[in-house]
Amino acid sequence: KIYENVAELAPLEYDFVIVGGGTAGLVVANRLTENAKFSVLVLEAGVNNQDVLDSTVPFLVNDLLVPNIYEWNYTTTPQSGLNGRALPYLRAHMLGGCSAHNLMFYTRGPKDDFDRYAKLTGDAGWSWNRIFPYFLKNEKWTPPTDLHDTTGQFDPSVHSTHGMNPVSLNGYAWPFGPRVIAATKELPDEFPFNLDMNSGKPLGVGWLQSTIGEGKRSSSASSYLVPFVSRKNLHVLLHAQVTRLVNASHERGKLAFGGVEFLQSAKARKEIILSAGTIGTPHILMHSGVGDGRALHALGFHSLLDLPSVGQNISDHVSVGLSWSVNSTETLESITQNATNFNEAFAHWNKTHTGPFVDLGITHVGWLRLDPNSEALHQFPDPSAGRDTAHIELIFSAGFSRRSASTPQGHFMNIGTVMVTPLSRGSITLNSSNPLDPPLINPRYLTSDFDLFVLRDALKRAQRFVTAPVWKDYILAPTVNIGNFTTDELDQFIRNNAGTISHLVGSAAMSARGARYGVVDPDLIVKGATRLSVIDASVLPIVPSAHTQSTTYIIAERGADLVKARWT
Ligand SMILES: Cc1cc2nc3c(=O)[nH]c(=O)nc-3n(C[C@H](O)[C@H](O)[C@H](O)COP(=O)(O)OP(=O)(O)OC[C@H]3O[C@@H](n4cnc5c(N)ncnc54)[C@H](O)[C@@H]3O)c2cc1C
């Protein structure tokens, strides 16, 4: 059951207390309560996601990505690599966490990334072959809402129709989509078509798959909580911001906490599971005396467990986009810039859950490697996990889906470029000893020249993509002509315009047992502690060359199995 008021819950003592009802937290809650003998309390700081229309209707998500009650409304510190700009850092403050407000891309990433996680942690359980069944457990492949023939748009042999979370191809056909495919045929050497980028070998350009089913967003809340909410052993409490872990003791030489503190405190008989996300999890650990001992002392904390890696070594994806005005009225602007069409499309969605509101108008994604002879690969160690791993992502969309005063008037196509193998690393540290103060989020974007190089190259690749003959009668002009920019001008363009696509990981990273760095062991238990684990995106030591929700679901599915195995 979902509770709005703590007074309805007593006594506050459970086998497992999960902090954070987000992407990972609700998966873990679901899997643990499959065992009727386990009692589980989920403490979620935010609000209910049900009835939040902008979360449910795929096309409306951009309206959620502004300061509001469904957001933590964080801001990064000023970023020297972005010419001193501080960026809003989006994190959902509601059930489902970021799965309830993200852009719904479903990308599993390359096999190489998982094999590297296995190597780094010394645990083959994180390798692609061993985690692949968890993808199938999580994913429920569904037909697109327009029921179009999907032959040649994905590979059914790598998908599952029996998992929990609906995934589909786009359900509305913008005329832009077939042009992208035509360009892959015209420029096959540089932009080969990839039937299914979720096979473990993502390189090439393929049709986008999204966490959307029957025209609606699928989130951990809609898939893992709502259908199971009547389980007697599952309690979810909203508006419960956990401030710290309490009742510290030592059990067989290891630190243990008896419970967590929010407005009140809740006891965990078996295990406390932190699923508060890449920002929330290290924040709670540090406020509980777990982190860099010296930094904690300086803020007046009593350090209980010296783990200097807490909040350190975070990595993220940086992106910058290009757009072109086009010779067509069948673009996203036909809706976003025309109130009559917008209302019609919305009414259509309300009635049938079909039409242009069933997705975001992003049709394809491309994954590309730097040229092996590129200067950057001579100057820097290649940060990619292997030869099937992209350094660059290109995101193709049929116009601007965001309705804002700064979007230009007219009809457009966009190619977003993303640097997906960063060398820059940043940190999350405490700003004060008050647990209600936000932490300092400093991703140190573009502080490695490698990252800048990759974005420069990515922009050039996007420009080459539009030289395919198919665009000749379609593209009118670029909105910004970077073609004549000097390298310095291009760097300034990037530093002044780049943003994040919110894939931050690494603040409570896994490392091998006995390693002198890292925060959790490969079984996700905090090093030097017992009955305390972290299950969310913060455990990833390096950001995958992919959007991060699918990996987070998989961490949660495997993490739940690891917890079950130690308590049954
Ligand atoms: C705007 C945006 C777009 C994105 N787009 C995509 C995409 O298209 N595809 C993709 O694959 N990935 C995308 N991502 C990334 C992906 O969604 C996240 O990496 C992933 O969902 C993180 O899951 P998590 O469980 O680690 O954290 P979250 O989902 O953030 O869950 C953490 C939960 O803990 C709660 N919490 C935090 N602190 C506390 C506390 N102190 N007490 C109690 N509760 C607390 C939060 O409110 C939240 O509900 C996007 C992210 C954002 C923000």
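Colleague: What makes up the span of residues 277-291, and how far apart do its end C-alpha atoms lie?

Modeller: This is a predicted model, and in it the span of residues 277-291 is 73% helix and 13% strand, with its end C-alpha atoms 16 Å apart. An unreviewed UniProt entry places the feature "domain: Glucose-methanol-choline oxidoreductase N-terminal" at these residues, and α7 covers 277-287.

Colleague: Which helix gives the most to the shell around the ligand?

Modeller: That is α7, with four residues, while α1 (23-32) and α14 (549-567) are also among the helices that each supply at least two. The ligand is surrounded by 43 residues, of which Gly20, Gly22, Gly97, Gly280 and His547 are the closest.

Colleague: Why does the radius of gyration of the protein chain agree with that of a compact globule?

Modeller: A compact globule of 568 residues would have a radius of gyration near 24 Å, and the protein chain has 23 Å, so the two agree. Along the principal axes, its C-alpha atoms fill a box of roughly 70 × 55 × 45 Å.

Colleague: What share of the protein chain is called buried?

Modeller: With the cut-off at 20 or more other C-beta atoms within 10 Å, buried residues make up 53% of the 568.

Conventions. Residues numbered from 1 in each chain as written. Predicted model: local features only at pLDDT ≥ 70, side-chain atom pairs only at ≥ 80, totals over all residues. Near = placed C-beta within 6 Å. UniProt positions renumbered as here; feature names shortened; annotations may be inferred. Rg over C-alpha atoms; globule rule 2.2 N^0.38 Å. Buried ≥ 20, exposed ≤ 12 C-beta atoms within 10 Å, placed from the backbone.
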